[in-house]
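Hi,

Here's the structure I promised to pass along. Have a look at it first, and then read my notes below.

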Amino acid sequence: MQQALSLARDAAALGEVPVGAVAVHGDRIIGRGHNRRELDADPFAHAELLALAEAARTLGAWRLTGVTLYVTLEPCAMCAGGMVQGRVSRLVYAADDPKAGAVGSLYNLAEDPRLNHRVEVCRGVLAAESAQLLKGFFGALRQKKQQQNK
């Protein structure tokens, strides 16, 4: 999760929402990502999807069985769906996302028994650090917009 937090800080430095993700297989990092939606003008450039795409390339397979994804923020519906479709074994995330979280907050796609695959979920790892990073980012963004409106 420390690696994911470092990637989230990198995203913030680039003006992106500070979310980072790291995919691990065994004891090896096989995928990394941080939000790049603004930089790439791509609605799909979420940290989780970028890390999973790199993991699939590294493994040479779309089935990510045995992969643990570490993410600094509870995944949205798109990313949670990607984890289910990619057969990710385990998700470890830091901060809950009460506005868009789809792994327990608004929905629970990762553990929905109606779907063909379930992802084991561990919540709250380094949650305070991740939440502080997000609060600082959005606070600075609001302050910047207020100064522009003066």
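**The sheet and what sits on it**

The strands form an open sheet of 5, in the order S2-S1-S3-S4-S5, and the pairing is mixed. At the edges you'll find strand S2 (28–34) and strand S5 (120–123), each of which pairs on one side only. Direction ignored, neighbouring strands of this sheet are turned by 15 degrees against each other on average. Keep in mind that this is a predicted model.

Helix H3 (residues 47–59) touches strand S1 (20–25), S2 and S3, and its direction makes about 145 degrees with that of S2. Helix H5 (residues 127–148) touches S3 and S4, with its direction at about 55 degrees to that of S4.

**A closer look at Ala-21**

Ala-21 belongs to strand S1. Is Ala-21 buried or exposed? Ala-21 counts as buried because its relative accessible area is 0%, and the cut-off for buried is under 20%. Leaving aside residues up to four places away in sequence, Ala-21 touches Ala-4, Leu-7, Gly-31, Arg-32, Gly-33, Ala-47, Glu-48, Ala-51, Leu-69, Tyr-70 and Val-71.

Cheers

Notes:
Residues numbered from 1 in each chain as written. Predicted model: local features only at pLDDT ≥ 70, side-chain atom pairs only at ≥ 80, totals over all residues. Heavy atoms only, no water. Pairing = 2+ DSSP bridges. Helix = DSSP H or I, 4+ residues; strand = E, 2+ residues; numbered from the N terminus. Axes fitted to C-alpha atoms, helices over the stretch in contact; angles between N-to-C directions. Contact = heavy atoms within 4.5 Å. Buried < 20%, exposed > 50% of the residue type's maximum accessible area, 1.4 Å probe, protein only.
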